[in-house]
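My notebook is open and the viewer is loaded.

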Amino acid sequence: MRAAGVGLGAWGAHRALPALTQLLRGAARARALWYAYGALQVLWGWRLFLPRTDARAIADQLTLEHVVPLASLAERVDAFSALHVLQQFLFYLPLGSMLAVWPLRLRGRWAHLWPGVWLSVVIELGHIFIVDRTFDVTNALVACAGLGIGWIIVRRSGFAPYGEALAPLVAR
């Protein structure tokens with residue numbers, strides 16, 4: 001299945017990518033990439049999409065262990081926990097890199113990173129209402145660290161913002 005998926009993806013990219021690169025230029029391409037990557041993050045973060053309907057189960061997600069940073073990882077010392085932190089960090093690193101050169105907005109304090117911060121917070125809050133997902137504020141903090149490091153790496157490499165990805169949507 002993986003080989004078929006890779007093959008199908010390569011075939012689709014070969015057929016659609018030339019037209020797509022001509023259609024999406026500048027801020028429109030950055031906007032499309034932001035929306036696609038954000039949708040991918042939501043799909044991954046909320047996978048299984050089974051709503052939690054039991055009020056007690058929802059309330060159990062709001063304990064002190066879930067809102068104290070690193071509390072859930074302190075009692076688990078295994079490779080899975082380390083890989084989970086690394087996964088969360090690496091999923092948001094490209095988003096921070098992209099927001100460094102194509103922020104949604106240029107004005108305002110932290111305007112370049114707020115969209116990624118809000119995305120990570122919304123995804124993590126959604127875990128409260130999804131079966132087999134666990135709310136943990138640590139995940140949102142690690143995601144924000146990935147955003148920040150991605151942004152810093154790109155900016156320290158000498159890249160500057162090209163423009164606002166949402167600028168063409170707003171009449172000036």
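**Overall fold.** I counted secondary structure and got eight helices and zero strands in the protein chain. Helices here are DSSP runs of H or I with at least four residues, strands are E runs of at least two, and both are numbered from the N terminus. Along the sequence the pattern reads α-α-α-α-α-α-α-α. Before going on, I noted that this is a predicted model, where local features need pLDDT of at least 70, side-chain atom pairs count only at pLDDT 80 or more, and totals for chains, interfaces and linings use all residues. Residues are numbered from 1 along each chain as its sequence is written, and side-chain values use heavy atoms, with hydrogens and water left out.

**Overall numbers.** The C-alpha trace of the protein chain spans about 50 × 45 × 35 Å along its principal axes. Of the 172 residues, 34% are buried. Buried means under 20% relative accessible area, exposed means over 50%, and partly exposed is in between (1.4 Å probe, protein chains only). I also checked contacts, meaning heavy atoms within 4.5 Å. Among those with a separation of 6 or more, 83% join residues 24 or more positions apart.

**The core.** Which residues have the most contacts inside the largest nonpolar core? I found W34, Y92, L95, L99, L104, L119 and L147, in a core of 21 residues. A nonpolar core is a set of buried Ala, Val, Leu, Ile, Met, Phe, Trp, Tyr and Cys residues joined through side-chain atoms within 4.5 Å. The elements giving two or more residues to this core are α2 (27–45), α6 (79–101), α7 (114–126) and α8 (137–156). Helix α6 gives the largest share, six residues. I then clicked on L104, which touches W34, L99, P115, E164, A165 and L166, leaving out residues up to four places away in sequence.

**α2 against α7.** How do these two helices cross? Their axes come within 10 Å and cross at roughly 20°. Axes are lines fitted to C-alpha atoms, for helices over the stretch in contact, with angles from 0 to 180 degrees between N-to-C directions. So α2 is roughly parallel to α7, a label for angles under 35 degrees. On the α2 side the contact uses W34, G38, Q41, V42 and G45, and on the α7 side P115, G116, L119 and I123. By class, that is five nonpolar, four polar and no charged residues; Gly goes with the polar ones and Pro with the nonpolar ones.

**H127.** Buried or exposed? H127 counts as buried, because its relative accessibility is 5%. H127 sits in the loop between α7 and α8. Beyond its neighbours within four places in sequence, H127 is in contact with G45, W46, R52, Q61, R133, T134 and F135.

Most residues other than glycine have a negative phi. L70, not a glycine, has a positive phi of about 65°. L70 lies in the loop between α4 (64–67) and α5 (71–74) and is exposed, with a relative accessible area of 52%. D132 is not a glycine either, and has a positive phi of about 65°. D132 is in the loop between α7 and α8, and counts as exposed at 58%.

Terms used
Angles under 35 degrees count as roughly parallel, over 145 as roughly antiparallel, 65 to 115 as roughly perpendicular and the rest as oblique.
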